[in-house]
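I went through this model one element at a time and kept notes. The entries follow the order in which I looked things up.

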Amino acid sequence: MSSDPEKEPIEKKSEEQKSSEDKPAAAKPTPKPAATKPAAKKEEPELPAFEKGLADKITEKFGEKTTVSYVKPDRIGIKVGKDDLHDVAEFARDVLNYDHVESVAGVDYPSDKEIEVVYHLSSYTDPTLSRQVLELATRAQREEDPIPGNDATKLKSLRDVFYSVEFHEREVFEMLGVYFEGHPDNRRLLLPEDWADLPPLRKDFRIKGR
Amino acid sequence: MSSPTLPPGLAIQKADERIMTLNVGPQHPGSGHMRIVVQIDGDQIVACDPDPGYVHRGEEKMAEYRNYTLNVPHLERPVIHDSCNILYPYVLASEELLGLEIPERAKYIRVIASELNRCIYIQYWLAIYGIFLGHSTMFMWPAGDRELLIDLMEKMTGARVTHSYFIPGGIRNDLPANFEDVCLRQVNYFEKRIKEYADVFYENPILISRTANTGVLTRENAIRLGTTGSVLRASGIDYDVRKKEPYDVYDELDFETPVLKDGDSYARSRIPWLDMMESCRIIRDALQKMPKSGSVRVKLKPNPKGELGSVYKRIESGRGALGCYIVSDKKPEPYRVKLSVPSFRNLIAMPHLLIGEKLGNMPSIYWSLNYWPVEADR
């Protein structure tokens with residue numbers, strides 16, 4: 001709801017335009033444009049401290065291999081290169097105490113020729129993390145003519161780090177054609193066995209009539 | 001039709017003299033709309049491979065072609081009996097993307113609708129659980145008592161099952177006149193009724209002998225497999241999103257989340273029943289604290305555009321934590337909608353629990369997982 005204090009400075013402009021339209025609380029200072037900027041700067045250190053601390057721990061350990069995409073209340077988003085994902089996940093499990101994966105989502109970006117796979121990590125055992133969701137996003141190469149399992153669209157599986165990704169990764173494999181190396185059971189899950197079309201959640205697979 | 005190369009992971013199996021392979025489902029009434037391939041040695045299950053997907057309808061793909069409001073009626077289809085709860089995370093996430101602040105009264109009405117729906121779902125599940133254990137009274141009673149709450153939902157939303165009641169910006173319509181009194185009376189009577197289930201079902205020695213100590217999921221495994229909802233809380237972990245990460249007005253309401261330690265089928269079947277009693281408590285509390293008048297929805301511009309970025313929201317449904325991940329690219333339609341549903345997350349526990357059990361225990365373990373195939377397939 002109140003995601004505005006945590007925005008990157010580059011997005012400030014669009015934020016201010018928006019705030020005048022649909023955020024009555026943030027719209028108050030807008031009559032004085034000179035006053036908005038210091039006020040916005042003042043809000044900058046108000047990044048949620050706990051979440052920021054967690055994100056800093058990851059960036060300290062891995063340096064340039066990771067980038068923080070956002071820090072919001074209870075949510076942290078980290079972008080990781082595909083070769084480092086396994087290490088970051090192990091670090092999140094062993095040091096930060098995340099113990100299971102809630103969801104694995106694949107998002108197709110045909111214009112970037114990449115497919116993003118997003119893991120949402122959460123924790124049952126650590127009470128300080130019970131509100132937190134850590135989002136690890138990584139991108140795999142995308143091929144125009146996919147041969148699922150036999151092309152360059154590959155990632156290293158997290159099954160040996162988080163056992164709970166087993167069925168989620170199978171779903172991403174069939175829906176987007178991302179093959180997970182090291183996954184013990186890379187079979188179809190929801191689609192029929194004789195499905196011979198494109199992986200259906202890719203953007204170039206169109207629904208009839210739409 | 002013949003494929004020279006098998007897809008990765010697929011293998012042709014040779015017949016075994018001792019092990020028999022059985023297809024349970026997809027038409028078998030004991031498995032719902034899914035197939036479970038079990039291998040049995042005598043009557044002991046030695047291998048189990050769940051095969052969902054018979055009711056996959058591509059809800060996530062469809063959501064990429066419709067705008068934020070038009071997605072509401074079809075995204076509730078995966079669990080029509082719990083339609084308010086499956087829409088809840090989607091609506092919360094789209095409100096954050098569209099930058100909407102919803103009125104206080106709408107938040108309370110949402111909580112009431114969500115809890116009524118939770119009871120309706122659990123009653124439906126309980127009826128099926130009862131009939132598959134051969135207890136036909138336990139089919140009739142919940143199926144009948146469920147009607148009380150369905151009538152309430154009909155008064156509230158105009159539809160008996162598929163309500164489409166939650167929309168980005170609040171709820172579709174305000175409560176009808178005199179709703180509070182009717183709701184309070186029905187819920188009080190409903191609570192009295194469900195307490196009677198103890199005598200006929202939950203303290204029935206035959207039920208206990210069939211479900212206690214079967215399909216035991218230990219605390220460690222419940223965490224490792226990432227299970228959720230009643231399966232998790234039956235294994236001794238107190239995790240309920242309503243308490244741990246309160247959404248809307250759950251932090252202002254007074255309720256407990258039941259936890260049991262045994263982790264067997266009996267504990268898993270007991271948790272939803274205890275949940276219903278807490279739901280009655282929440283509804284009574286919410287009716288009292290709710291603002292008596294005020295607006296219930298924010299007017300949206302036609303085809304509102306979500307701000308650039310992604311949002312992950314989660315709520316507690318009748319089966320467990322339900323998450324929704326929306327990616328937006330500043331278009332009226334979301335770029336990607338992902339539903340992380342509890343049934344799909346609990347599916348991984350199924351082979352884990354069934355291996356080593358007798359085939360006769362399969363229905364009780366399967367249904368105790370609170371698994372809803374249509375939801376898992378989306």
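**Entry 1: ground rules.** I am working with a predicted model, in which local features need pLDDT of at least 70, side-chain atom pairs count only at pLDDT 80 or more, and totals for chains, interfaces and linings use all residues. Residues are numbered from 1 along each chain as its sequence is written, chains are lettered from A and ligands numbered from 1 in the order in which they are written, and side-chain values use heavy atoms, with hydrogens and water left out.

**Entry 2: the sheet in chain A.** I looked up the strand order and found an open sheet of five strands, 1-2-5-4-3, with mixed pairing. Strand 1 (66–72) and strand 3 of chain A are at the edges with a single partner strand each, so one side of each has no neighbour in the sheet. Neighbouring strands are turned by 20° against each other on average, direction ignored. Strands here (E, at least two residues) and helices (H or I, at least four) are DSSP runs, numbered from the N terminus. Two strands pair if DSSP finds at least two bridges between them.

**Entry 3: strand 4 of chain A.** I checked its pairing on both sides. Strand 4 (114–122) runs antiparallel to strand 5 (residues 133–141) of chain A, with eight bridges between them. A:I115 stands opposite A:A140, and A:L121 has A:L134 as its bridge partner. Strand 3 of chain A is also antiparallel to strand 4 of chain A, joined by nine bridges, and A:Y109 stands opposite A:E114. Strand 4 of chain A is largely enclosed by the rest of the structure, because eight of its nine residues are buried. Buried means under 20% relative accessible area, exposed over 50%, and partly exposed in between (1.4 Å probe, protein chains only).

**Entry 4: the hairpin turn.** Strands 3 and 4 of chain A form a hairpin with four residues between them, and A:K113 in the turn has a positive phi of about 55°. I also looked at A:D112, in the loop between these strands.

**Entry 5: chain B overall.** I counted 16 helices and eight strands in chain B. Of its 378 residues, 63% count as buried.

**Entry 6: helix 4 of chain B.** I compared the length of helix 4 (residues 104–132) of chain B with expectation: at 1.5 Å a residue its 29 residues should span 42 Å, and the end C-alpha atoms are 43 Å apart, which agrees. The expected span is 1.5 Å times one less than the number of residues. In helix 4 of chain B, 25 of the 29 residues are buried. B:G134, with a positive phi near 80°, follows helix 4 of chain B.

**Entry 7: its partner helix.** Helix 3 (residues 83–98) of chain B packs against helix 4 of chain B at about 145°, with the axes 8 Å apart. Axes are lines fitted to C-alpha atoms, for helices over the stretch in contact, and angles run from 0 to 180 degrees between N-to-C directions. Contact means heavy atoms within 4.5 Å. Residues that meet include B:Y88, B:V91 and B:L92 from helix 3 of chain B, and B:V111, B:A113 and B:N117 from helix 4 of chain B.
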